[in-house]
Amino acid sequence: MCKPLHMTTNLALDDALIEEARRAGKHKTKKEAVTAALGEYIQRRKQVRILEAFGSFDFDPGYDYKAERRGQKSANCGISCQGGKRARFGAC
């Protein structure tokens with residue numbers, strides 16, 4: 001089993017801010033607080049990217065995801081779209 005990669009880093013961080021984060025998250029160490037904060041930061045940025053994608057895909061009201069799961073043709077398009085991606089985004 002592989003060990004997680006650790007990188008020793010020296011950062012000048014606001015001690016009061018780190019301590020507040022440590023207490024708020026009930027972390028035992030500053031390292032735990034920073035690691036949790038970085039994880040939450042990354043998760044939030046991914047969520048923002050998903051939210052920004054809303055409205056950028058065409059919607060096909062005739063798309064039948066259940067038919068796609070069964071491998072049948074979608075009602076609006078005369079071909080079977082593998083994985084439903086083409087029908088779901090209105091390309092069929």
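Analyst: Start with exposure. Buried means under 20% relative accessible area, exposed means over 50%, and partly exposed is in between (1.4 Å probe, protein chains only). K30 has 45% relative accessibility, so K30 counts as partly exposed. As for the source, this is a predicted model, where local features need pLDDT of at least 70 and side-chain atom pairs count only at pLDDT 80 or more, while totals for chains, interfaces and linings use all residues. Residues are numbered from 1 along each chain as its sequence is written, and side-chain values use heavy atoms, with hydrogens and water left out.

User: What makes a run of residues a helix here, and how many helices are there in the chain?

Analyst: Helices are DSSP runs of H or I with at least four residues; strands are runs of E with at least two; both are numbered from the N terminus. By that rule the chain has 4 helices and 0 strands. The order from the N terminus is α-α-α-α.

User: How do you know that the span of α2 is close to the one expected?

Analyst: The expected span is 1.5 Å times one less than the number of residues in the helix. α2 covers residues 30-53. With 24 residues, α2 is expected to span 34 Å, and its first and last C-alpha atoms are 35 Å apart, which is close. G55 follows α2 and has a positive phi, near 85°.

User: Why is the D15 and K30 pair called a salt bridge?

Analyst: A salt bridge needs a side-chain nitrogen of Lys or Arg within 4 Å of a carboxyl oxygen of Asp or Glu. The closest N and O atoms of D15 and K30 are 3.8 Å apart, so the pair qualifies. D15, at 52% relative accessibility, counts as exposed. The structure holds 3 salt bridges.

User: What makes E19, R22 and R23 a network?

Analyst: Salt bridges link these residues. R22 pairs with E19, with the closest N and O atoms 2.5 Å apart. R23 also meets E19, at 3.6 Å from N to O. Both distances fall within the 4 Å limit, so both pairs count. R22 and E19 lie 3 residues apart in helix α1, about one turn. R23 and E19 lie 4 residues apart in that helix, again about one turn. An α-helix has 3.6 residues a turn, so residues three or four places apart point the same way.

User: Are R22, E19 and R23 buried, exposed or partly exposed?

Analyst: R22 is at 22%, so R22 counts as partly exposed. E19 is at 24%, so E19 is partly exposed as well. R23 has 52%, so R23 is exposed.

User: Why is H27 called buried?

Analyst: H27 has 19% relative accessibility, which is under the 20% cut-off, so H27 counts as buried. H27 is in the loop between α1 (15-24) and α2. Contact means heavy atoms within 4.5 Å. Leaving aside neighbours within four places in sequence, H27 contacts A21, R22, E32, A33 and A36. A36 lies in helix α2. At 22%, A36 counts as partly exposed. In the chain as a whole, buried residues make up 14% of the 92 residues.

User: What makes K26 stand out in its phi?

Analyst: The phi of K26 is positive, near 55°, in a residue other than glycine. Most residues other than glycine have a negative phi. K26 is in the loop between α1 and α2. At 75% relative accessibility, K26 counts as exposed.
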